[in-house]
Amino acid sequence: MPEDARARQRTGTGVGLLLALVLGAVLLTALPDDGGRDDDCTPLTVGSWSADDRLTGEFARYGDDGARGDDWTGGDGTHSVRLPDGRLLWLFSDTYLGQVYAPPGPLGESHPWRDTTAPLVRNSAVLMRDGRLESTLPAPLFPDPGPNQWRWPVAARVEPRSPGSDEQVVRVLLWVRTAGPYPWIYGVPTATEVATFSLPGLRVESITKVLDEQRVADPSRRVLFGTTLVKDGGWTYVFGGDDGRAASRAVSSAYVARVPEGGLAEPGAWEYWDGSRWTTGTRPHPVLGDGRRTGVGSAFSVVRREGTYVLFTMAAGAKGLAAVTSYWSCSPTGPWHGPDKDFTPSLPSGQVAAYNPQAHPELSGGGRLVLSYDVNRLETDLASVQLNRNVALYRPRFVTLRLTPAH
């Protein structure tokens with residue numbers, strides 16, 4: 001074969017290969033993104049549940065201990081993460097510190113109580129070892145980012161300091177809120193941040209803003225991420241929600257982002273589901289919520305059992321003050337099926353409500369799933385007075401669930 005023919009043949013082969021690669025890339029790009037769908041997926045629902053008196057009692061024991069005046073005595077926004085040395089780090093949002101006194105109270109109440117001067121901080125953390133709460137980290141852990149603003153910690157996980165690194169750190173997702181007028185009694189959604197803790201010393205090294213929502217004019221459409229995290233393969237799926245309930249919608253909407261392992265503190269590593277694909281350039285699109293019958297509360301939790309994602313939230317409407325419901329999906333992006341049958345965990349007597357159901361996989365196993373829920377007074381004007389008169393009101397409760405195939 002002449003040399004020029006051989007050259008043309010080599011060139012033609014290279015062009016053909018290049019065209020094949022380009023065509024393959026185009027075809028892959030054109031294929032719809034399944035959002036992380038798992039074909040090994042079975043519809044799941046809550047088959048049974050029971051009160052976890054041991055865990056609930058442990059927080060009561062620790063909170064009622066009057067030996068110190070700077071320990072955790074009550075709080076909400078309950079999240080947990082297992083540390084590499086086996087300890088469990090519990091994170092809380094609004095938290096009461098101070099001294100707890102044995103009954104009777106100032107007005108003869110039969111409950112342990114706090115003085116009205118007891119400090120209230122916006123965030124705290126308590127360490128547990130072998131099922132026993134040991135100590136409260138100096139609180140607040142995270143200073144206010146600005147005037148009339150505060151930080152609430154939400155979900156956390158241990159991950160590499162950077163992708164591929166052998167060094168591990170704790171990443172804590174933070175919600176930034178700003179004081180606002182009614183109906184924003186719990187603050188206007190402002191930003192999502194990520195704090196980095198050193199290990200094993202749990203020193204706050206840095207706080208990084210990953211999503212600033214201040215440019216979104218309608219506060220009810222602002223999304224805060226981190227109410228729950230799910231690890232799947234090399235990704236961390238980060239779920240979040242808007243404040244639709246504050247805008248008189250029956251329920252809020254749920255959203256999801258994903259971050260490669262080790263990248264939670266890198267804003268550029270975050271990808272958001274826009275309704276059809278993962279992207280860094282557009283607003284996230286809801287994966288669950290029609291504003292009426294389907295949707296989530298202000299905080300919710302997602303777990304993955306084999307190929308199935310299960311989401312726990314307070315029910316829509318008036319039932320949402322006491323009843324927990326669930327949804328299931330084969331993918332973090334949906335479609336989500338439900339709501340499924342509700343269950344109503346026990347509540348203290350009086351005008352109280354349950355909220356913020358959170359799963360704790362690190363305490364689960366053997367087919368069991370541990371779920372916490374927070375409790376608070378309904379009367380916001382007198383809440384602090386009532387919570388000090390009966391310190392047991394403002395503490396997490398726990399249930400143990402068993403998930404079974406849905407019929």
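This is a predicted model: local features need pLDDT of at least 70, side-chain atom pairs count only at pLDDT 80 or more; totals for chains, interfaces and linings use all residues.
Which hand does the disulfide of Cys-41 and Cys-330 have, judging by the torsion about its S-S bond?

1. **The disulfide.** The torsion about the S-S bond between Cys-41 and Cys-330 comes to about -85°, so this disulfide is left-handed. The two sulfurs sit 2.2 Å from each other, and a search through the whole structure turns up one disulfide.

2. Cys-41 is in the loop between helix H1 (3-30) and strand S1 (44-51), while Cys-330 is in the loop between strand S22 (324-329) and strand S23 (352-359), so the bond links parts that are 289 residues apart in sequence. Cys-41 is buried, at 18% relative accessibility, and Cys-330 is buried too, at 15%.

3. In one of them, the side chains of Asp-64 and Arg-395 meet at 2.9 Å, N to O. Asp-64 belongs to helix H2 (residues 53-64) and Arg-395 to the loop between helix H3 (383-389) and strand S25 (397-405), so the pair ties together parts that are 331 residues apart in sequence. Asp-64 is partly exposed at 31%, whereas Arg-395 is buried at 4%.

4. **A buried pair.** Have a look at Asp-243 and Arg-177 as well, whose side chains form a salt bridge at 3.0 Å, N to O. Asp-243 lies in the loop between strand S16 (235-241) and strand S17 (254-260), and Arg-177 lies in strand S12, so parts 66 residues apart in sequence are tied together. Asp-243 has a relative accessible area of 11%, which makes it buried, and Arg-177 is buried at 5%.

5. **Other charged contacts.** Asp-218 and Arg-221 also meet in a salt bridge, at 3.9 Å, N to O. Asp-218 is partly exposed at 34%, and Arg-221 is partly exposed at 45%. Elsewhere, salt bridges link Arg-161, Glu-167, Arg-203 and Glu-205 in a network.

6. **A nonpolar patch.** On the surface, Tyr-182, Ile-185 and Tyr-186 make up a nonpolar patch with about 430 Å² of accessible area together. Tyr-186 is in the loop between strand S12 (168-178) and strand S13 (188-197). Why call Tyr-186 exposed? Its relative accessibility is 52%, and the cut-off for exposed is over 50%.

Note on methods:
Residues are numbered from 1 along each chain as its sequence is written. Side-chain values use heavy atoms; hydrogens and water are left out. Patches are made of residues with over 30% relative accessible area and no salt bridge: like charges are joined within 9 Å, nonpolar side chains (Val, Leu, Ile, Met, Phe, Trp, Tyr) within 5 Å. Accessible areas come from the Shrake-Rupley method with a 1.4 Å probe; for residues, only the protein chains shown count as cover. A salt bridge is a side-chain nitrogen of Lys or Arg within 4 Å of a carboxyl oxygen of Asp or Glu. Helices (H or I, at least four residues) and strands (E, at least two) are DSSP runs, numbered from the N terminus. Buried means under 20% relative accessible area, exposed over 50%, partly exposed in between (1.4 Å probe, protein chains only). A disulfide is a pair of cysteine sulfur atoms within 2.5 Å.
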